[in-house]
Amino acid sequence: MEVLARHFLQIENADEVPVVIHEYLREKPFYILGGGSNTLFTKDFDGFIVHPAFTGIEVMEQMEDAVVLKVAAGEPWDNLIQYCIKRQYYGIENLTAIPGLVGSAPVQNIGAYGVEVKDTVLKVEGYVISTGEHFTLSNAECKFAYRNSIFKQELKHDCIITYVWFQLSRIKHFTLSYQGLAKALEERELPLSLHNVSDCVRKIRDAKLPDPAIVGNGGSFFKNPVIPDEQYRELLVKFPDLVAYDAPDWQKKLSAGQLIEKAGWKGKQVGNAGTWKNQALVLVNYGGATPEEVLHVAETIIKDVNNLFGITLEMEINRI
């Protein structure tokens with residue numbers, strides 16, 4: 001189903017942001033759209049779609065053990081990954097092949113294979129839409145949490161991010177806490193390097209996730225649920241192979257994909273929508289699916305998982 005917007009604004013320079021806010025966004029419907037991979041439009045949008053297209057990566061400080069980068073919001077995320085690999089900057093290689101733009105990364109606090117972007121973000125710059133004021137928020141002020149930040153809470157739909165500052169290590173180190181990644185490196189008998197870790201991550205993702213250019217999808221559709229440790233132990237009695245990772249405050253983070261698969265949804269298709277054959281966490285458009293069909297599948301999955309586990313999945317994707 002084709003969805004249209006009444007207006008589309010592409011910002012070519014960060015200096016244009018205050019003008020865009022003043023001229024177009026005050027008291028008018030708008031939506032800030034990065035790469036669009038995490039957004040499901042359910043109908044035509046009667047307002048302004050604003051797309052930051054300004055790019056650039058600048059070294060702000062070079063230390064013996066670290067480097068500080070200032071990266072424009074419109075820079076494709078994977079471009080930053082390749083930039084860092086080429087220069088031997090450590091810290092974000094596990095986030096290889098995540099679609100989208102740099103400005104979206106702190107909003108979602110993107111994460112994969114044991115790493116979250118909050119681990120490397122130094123500060124975030126942008127403008128508050130309701131006041132037009134410029135802001136600079138430190139890592140702590142961004143209020144990062146699992147798939148969450150101040151940009152999804154107090155500043156939701158009320159800011160345009162212009163730059164993200166990163167502090168990355170120049171000292172060789174890797175995060176291999178994710179068993180699948182460590183196993184893939186071992187099986188391929190590859191020496192530890194930024195290139196090899198990044199390449200393994202890309203191959204794992206390619207094996208599990210459909211190419212959105214070929215099969216329409218929004219990536220991981222649901223958040224991994226976090227539950228009390230006591231509830232997890234109770235579930236283990238019935239589901240002894242339930243995957244879990246330690247979370248703060250005596251909690252466990254479960255695999256939403258595994259829960260959906262155990263509920264019988266892996267590779268299942270209803271009408272023109274369904275889940276991907278290699279990863280139940282990904283909802284796909286098998287061809288001609290309407291937003292209503294996609295949402296029907298999502299809502300049915302939530303119901304089935306809740307009936308089986310007593311856990312309510314939360315959609316990670318943005319519904320517009």
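The model is predicted: local features need pLDDT of at least 70, side-chain atom pairs count only at pLDDT 80 or more, and totals for chains, interfaces and linings use all residues. Numbering starts from 1 along each chain as its sequence is written, and side-chain values use heavy atoms, with hydrogens and water left out.

## Helix H1

Helices (H or I, at least four residues) and strands (E, at least two) are DSSP runs, numbered from the N terminus. H1 spans residues 17-25, and its buried residues are Val17, Val20, Ile21 and Leu25. Because these buried residues fall within an arc of 100° when H1 is viewed down its axis, they line one face of the helix. The arc is taken over the directions from the helix axis to the C-beta atoms. Val19 and His22 are exposed on the other side of H1. Buried stands for under 20% relative accessible area, exposed for over 50%, and partly exposed for values in between (1.4 Å probe, protein chains only).

The buried residues of H4 are Leu181, Ala184 and Leu185. Viewed down the axis of H4, they fall within an arc of 95°, so this helix too has its buried residues along one face. Gln179, Lys183, Glu186 and Glu187 are exposed on the face turned away from that buried side. H5 is included in what covers the buried residues of H4. Just after H4, Glu189 has a positive phi of about 55°.

H4 (residues 179-187) and H5 (residues 194-208) have axes that come within 10 Å and cross at roughly 115°. H4 is therefore roughly perpendicular to H5, and the crossing is right-handed. From H4, Gly180, Leu181, Ala184 and Leu185 meet Asn196, Val197, Cys200, Val201 and Ile204 of H5. The contact of H4 with H5 has seven nonpolar, two polar and no charged residues. In this classification Ala, Val, Leu, Ile, Met, Phe, Trp, Tyr, Cys and Pro are nonpolar, Asp, Glu, Lys and Arg are charged, and the others, Gly among them, are polar. Contact means heavy atoms within 4.5 Å.

## Helix H2 against H5

The axes of H2 (residues 77-87) and H5 come within 9 Å and cross at roughly 150°. H2 is therefore roughly antiparallel to H5, and this crossing is left-handed. Asp78, Ile81, Gln82, Cys84 and Ile85 in H2 meet Leu194, His195, Ser198 and Arg202 in H5. By class, four nonpolar, three polar and two charged residues make up the contact of H2 with H5. Angles under 35 degrees count as roughly parallel, over 145 as roughly antiparallel, 65 to 115 as roughly perpendicular and the rest as oblique.

Leaving aside neighbours within four places in sequence, Asn196 is in contact with Leu185, Leu190 and Pro191. With the same exclusion, Val71 is in contact with Gly56, Ile57, Leu80, Val102, Thr162, Tyr163, Val164 and Phe166. Trp165 is 94 residues from Val71 along the chain, and the C-alpha atoms of the two are separated by 6.2 Å.

Note on methods:
Axes fitted to C-alpha atoms, helices over the stretch in contact; angles between N-to-C directions. Left-handed = near helix turned anticlockwise from the far one by under 90°.
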